[in-house]
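Hi,

Here is the structure I promised to pass on. Have a look at it, and then read my notes below.

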Amino acid sequence: MSMLKKLFVGLMFVGLVAVQPVVTASAAGTEGTIYDPQLLVRMKFVGKQLAAVKAILDKSETRIVKVFAKYKIDPKAKPEFDLLRAASNELQAIESWEKKQMKKILSKGQYADYLEILQGTTAAVIKATRND
């Protein structure tokens, strides 16, 4: 996989992780940052989906906060391409796990919406890394 594609995939996941406050990681979390796609307010969930989605996102947030700390990525600062690239393998592993979990509980339409929201967030993060 090319380095740019790996970074894109990693950034796609980074855009996903902060959709709600997480008690264990809120101080260093990504809520309210460029990485936050606000899925819980942008998508509609039915029945037990909301609780299941929150549980998945909580696990992802906790894991991503650890990766951010390891690579000294400040989610409140301008995204740094080199730091995100260095963390991309670990971010991709978290993303892969999360997508598998989400696919189990979302309808096809919801899953397509979820991926579209992630792509938009990823594009915003990539744009923010540029020095334009």
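Does F68 count as buried or exposed? F68 counts as buried, at 1% relative accessibility (buried is under 20% relative accessible area, exposed over 50%, partly exposed in between, with a 1.4 Å probe and protein chains only).

Before the rest, some housekeeping. This is a predicted model, where local features need pLDDT of at least 70 and side-chain atom pairs count only at pLDDT 80 or more, while totals for chains, interfaces and linings use all residues. Residues are numbered from 1 along each chain as its sequence is written, and side-chain values use heavy atoms, with hydrogens and water left out.

Back to the rings: a search of the whole structure turns up 2 aromatic pairs (Phe, Tyr and Trp rings, the six-membered one for Trp, with centres within 6.5 Å; planes under 30 degrees apart are stacked, over 60 edge-to-face, the rest tilted). One of them joins Y35 and F68, with centres 5.4 Å apart and planes at 70°, so it is edge-to-face. Y35 sits in the loop between α1 (3-14) and α2 (39-42) and F68 in helix α3, so the pair ties together parts 33 residues apart in sequence (helices are DSSP runs of H or I, at least four residues, numbered from the N terminus). Y35 is buried too, with a relative accessible area of 0%.

Q49 also lies in α3 (residues 49-70) and is buried, at 11%. Q49 touches I105, L106, S107 and Q110, leaving aside residues up to four places away in sequence (contact means heavy atoms within 4.5 Å).

Cheers

Technical notes: Helices (H or I, at least four residues) and strands (E, at least two) are DSSP runs, numbered from the N terminus.
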